[in-house]
Amino acid sequence: MLMAEQNRSLTETIARERGRLGSFIRQRVPDQGEAEDILQDVFFELVEAWRLPEPIEQVGAWLFRVARNRIVDRFRKRREEPLPPAGPEEGEADDRATHWLEDAMPASDGGPEAAHLRRLWLDAIAAALDELPPGPRDTFIAHEIDGRSFKEMAAESGVPLNTLLGWKRQAVLHLRDRLQPLYDEQT
């Protein structure tokens with residue numbers, strides 16, 4: 001009886017959160033197939049966590065945090081593929097200096113210990129991003145995770161380029177401050 005109730009509750013939760021979570025992922029992952037894969041991974045992780053003795057208190061927030069982590073994982077894998085060298089766009093800072101997230105996390109091929117550290121980093125990054133106001137947070141995610149240029153964001157949003165650069169700087173400084181203890185533990 002208890003198992004049937006758990007299954008019903010899980011099914012209701014997935015049905016309730018699917019649309020909102022799917023939209024969230026599709027906004028950040030342009031490839032429809034990848035977005036659906038990430039959504040399925042998130043729900044798979046929910047099913048695994050649902051069976052644990054400790055209940056998830058805020059399922060919606062938990063799902064979005066897991067989705068952000070999966071998107072960051074996707075971004076990290078994409079970053080590991082060799083890219084052709086390109087200079088900065090006109091009016092932009094050099095991306096080698098501004099795309100720092102890829103260097104902040106442990107390598108994904110370093111075995112179980114590195115995988116655990118990577119999970120700690122992803123959780124810390126997600127928590128730190130949640131603390132930021134919408135402007136800096138959205139600018140950071142769009143630039144670092146979605147790979148969008150500042151020029152493109154400025155043209156689309158109407159926000160001045162210098163404001164976007166300032167927001168990105170604010171986000172990076174906040175993340176560096178919040179992630180420093182984790183970095184210090186590793187060294």
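Ala, Val, Leu, Ile, Met, Phe, Trp, Tyr, Cys and Pro count here as nonpolar, Asp, Glu, Lys and Arg as charged, and the others, Gly among them, as polar. This is a predicted model, in which local features need pLDDT of at least 70, side-chain atom pairs count only at pLDDT 80 or more, and totals for chains, interfaces and linings use all residues. Residues are numbered from 1 along each chain as its sequence is written, and side-chain values use heavy atoms, without hydrogens and water.

Start inside. The structure holds 1 cavity of 30 Å³ or more. A cavity is a set of points on a 1 Å grid over the protein atoms alone where a 1.4 Å probe fits but cannot get out; lining residues have an atom within 4 Å of a point. The lining consists of R68, N69, V72, I125, A126, L129 and I145. It divides into 5 nonpolar, 1 polar and 1 charged.

Now the charges. The whole structure has 11 salt bridges, each a side-chain nitrogen of Lys or Arg within 4 Å of a carboxyl oxygen of Asp or Glu. E12 pairs with R8 at 2.3 Å between the closest N and O atoms. The two sit 4 residues apart in helix α1 (residues 2-28), so about one helical turn separates them.

R16 bridges to E17 at 3.5 Å. R16 is exposed at 53% relative accessibility, while E17 is buried at 7% (buried is under 20% relative accessible area, exposed over 50%, partly exposed in between; 1.4 Å probe, protein chains only). Salt bridges link R16, E17 and R20 in a network.

Technical notes: 1 Å grid on protein atoms, 1.4 Å probe; cavity = no way out; pocket = protein on both sides within 12 Å on 5 of 7 lines; lining within 4 Å. Points joined across faces, edges and corners; volume = space filled by probe spheres on them.
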